[in-house]
Amino acid sequence: MTSAATTSILPRRGGFFGALSDAFWRRPKLLLFLMLTPPLLWLGIIYIGSLLALLLQSFFSVDEFSGLINYEFTLATYAELLRPANFDIILRTVIMAAAVTLFSAAIGFPIAYYAARYAKGKWKAIFYLGIMLPLWSSYLVKIYAWKLILAKEGILTWIFAKLHLLWLLDGILALPVIGGNSLSISYIGTFLVFVYIWLPYMILPTQAALERVPGNLLEASSDLGATPRQTFRTVLLPLALPGIIAGSIFTFSLTLGDYIIPQIIGSSRLFIGQAVYSQQGTAGNVPLAAAFSVVPIVIMAIYLWIAKRQGAFDAL
Amino acid sequence: MTAAVEFQNVSRHFGQVRAVDGVNLTIAPGEFFAMLGPSGSGKTTCLRLIAGFEQPTGGHIEIFGETAEGVPPYRRNVNTVFQDYALFPHLNILDNVAYGLMVKGVDKATRYREAEAALELVKLPGYGARRPGQLSGGQRQRVALARALVNKPRVLLLDEPLGALDLKLREQMQEELKSLQRALGITFVFVTHDQGEALSMADRVAVFNNGNIVQEGTPEEIYKQPKVRFVADFVGSSNVLAPDVMKRLGGEARWASLRPEAIRLKPTGEGVPAKVLQASFLGASNRLLVEAGGAKLHVMLPADQAVPAIGSDIALGWGLADAHYMDDAA
């Protein structure tokens, strides 16, 4: 028996930290307050605040003659977005983002499913490494590497030639609009690189959602007479949907905002990110740049609203 | 008559692990059949073999005379009540119960009407609009039962269905399951590690150990005439006595089981001398832990009988037929 056992209340731990521990124990909310204040200040003032300041700019206009900003409320800048040249940029970006998202979900789901249901121990580690490894290397290096892969003299053309499938590649490149002279200067090329870069952001949330689906729900469904196809549609997909939606928020919004990939790989036609970049920089039209950056926010808001209405988050 | 479920030398090996190893089993139609055993004894794997979640690595399974191996679960007219119920969290109770009919293409009005009737059968009428998360464990258990019964299965499989319920609810559900089974006439196959549950509910019990059935019979046979030591050990609170102890107590030098309620106190000088170690009050009776012949024994005394003091010397006796001899096999 040590001497500590002779008293039923132990003395307070010495010093400032002892007193602090007791104070926090008595008032747990104080600790919460102290922990949350710095990040909330950051989020509230620096992050949301600067975003609002930017959005405010979209309600101003640029004097076409002097190039100076006219600080009066107007919707003229938004009207400019509807001009065919600008509206094409929006349409192009949204279609690309939707295509990237759908394709990422389609090829990400089986990988996520395998990782959540079957991968154990070593294989699970290999899965995480395989998904995360591309994220460790520089974004620019990866994109330039893809430019080399997709170029007319690149490895992909070489592989197609070796397999005597050049006719197939030429056939794909001959497609109207999405084709081009080579993959590296076509929409297909832009699309492939977008999918490559954003795929991990689709796989990881989908895998997390699938991991939370108990295996016996799938057995119960099968037990009650559902074919694997019916089980997928009525049990697995609804329960994985919050994860897929979370992933699609990443792939969709990241594609909507990216300005480097379409600049390096693709036809020279602009995407929203590039439009913001050039309006803000060279053109000096901050209000139009701000209006362009409102577009992805509105689109994401509409997307989430529809997803919620469709019951995508009911399983949460 | 065709058996509801028949196993012929069925095995299910997982690599080196022989979860089920050469089981022969016949379950009659309309029977309430319990598979009893400790965890890892192969009883749950047997249930999963009937449901179709597992395929046998050897042997032959028939369900109502039809070959079952190679048939996926969704093509078996057999339904399961899962241990943790496995209700679909994204569907309300009515849709959960109607699920089996929905995937079979039954129209909406019919399947909701039948699901409503099934909920009434398990005494949960009007709960259809709720979510599984809003129900208590006992209610979820009933929903799982309704969800299985609405499909009118030929065999209903229950995997430790009462394990998660508290004692009072468990006893109530035992009675309800029993009367439900009698009313519906469906073959129930019930897996449990609780010997009391198996004995009180089942028409017949199979005791599992190490992937095989060690004894099969009515609850009374299992309780009163255990064939091997393992059954006596696992089923009930019988005194299992080693051959040398039996010899010292004046019996044959073989393993024997002696039920606590068969032992009586005798006047000192007669019978077997013993020493009282502990006494517990159980309500309807008192249980003594005594030492006799170098072994510890339980003795059950009726409540109206005086309890001897702890540490006192007493004498015990029992009828010759009460000592049930058995094989040593585990």
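Trainee: How many helices and strands does chain B have?
Mentor: Helices (H or I, at least four residues) and strands (E, at least two) are DSSP runs, numbered from the N terminus. This is a predicted model, in which local features need pLDDT of at least 70, side-chain atom pairs count only at pLDDT 80 or more, and totals for chains, interfaces and linings use all residues. Residues are numbered from 1 along each chain as its sequence is written, chains are lettered from A and ligands numbered from 1 in the order in which they are written, and side-chain values use heavy atoms, with hydrogens and water left out. Chain B has 9 helices and 18 strands.

Trainee: Is B:E176 buried or exposed?
Mentor: B:E176 sits in helix α5 of chain B, residues 167-184. Buried means under 20% relative accessible area, exposed over 50%, and partly exposed in between (1.4 Å probe, protein chains only). With a relative accessible area of 17%, B:E176 is therefore buried.

Trainee: Which residues is B:E176 in contact with, leaving aside its neighbours within four places in sequence?
Mentor: Contact means heavy atoms within 4.5 Å. With those neighbours left aside, the partners of B:E176 are B:K123 and B:R142.

Trainee: How many residues does the largest nonpolar core have?
Mentor: A nonpolar core is a set of buried Ala, Val, Leu, Ile, Met, Phe, Trp, Tyr and Cys residues joined through side-chain atoms within 4.5 Å. B:F7, B:M35, B:I50, B:V155 and B:V189 have the most contacts inside the largest one. Beyond its neighbours within four places in sequence, B:I50 is in contact with residues including B:V5, B:F7, B:M35 and B:V189. The largest core has 56 residues.

Trainee: What area do chain A and chain B bury between them?
Mentor: Buried area is the accessible area (1.4 Å probe) that two parts lose on being put together, summed over both. Here 20 residues of chain A are in contact with 24 residues of chain B. Of the area buried between these chains, 59% is on carbon and sulfur atoms, and the total is about 1,800 Å².

Trainee: Which residue of chain B forms a salt bridge with A:E219?
Mentor: A salt bridge is a side-chain nitrogen of Lys or Arg within 4 Å of a carboxyl oxygen of Asp or Glu. Between chain A and chain B the count is 1 salt bridge. Its closest N and O atoms are 2.7 Å apart, and the partner of A:E219 is B:R48.
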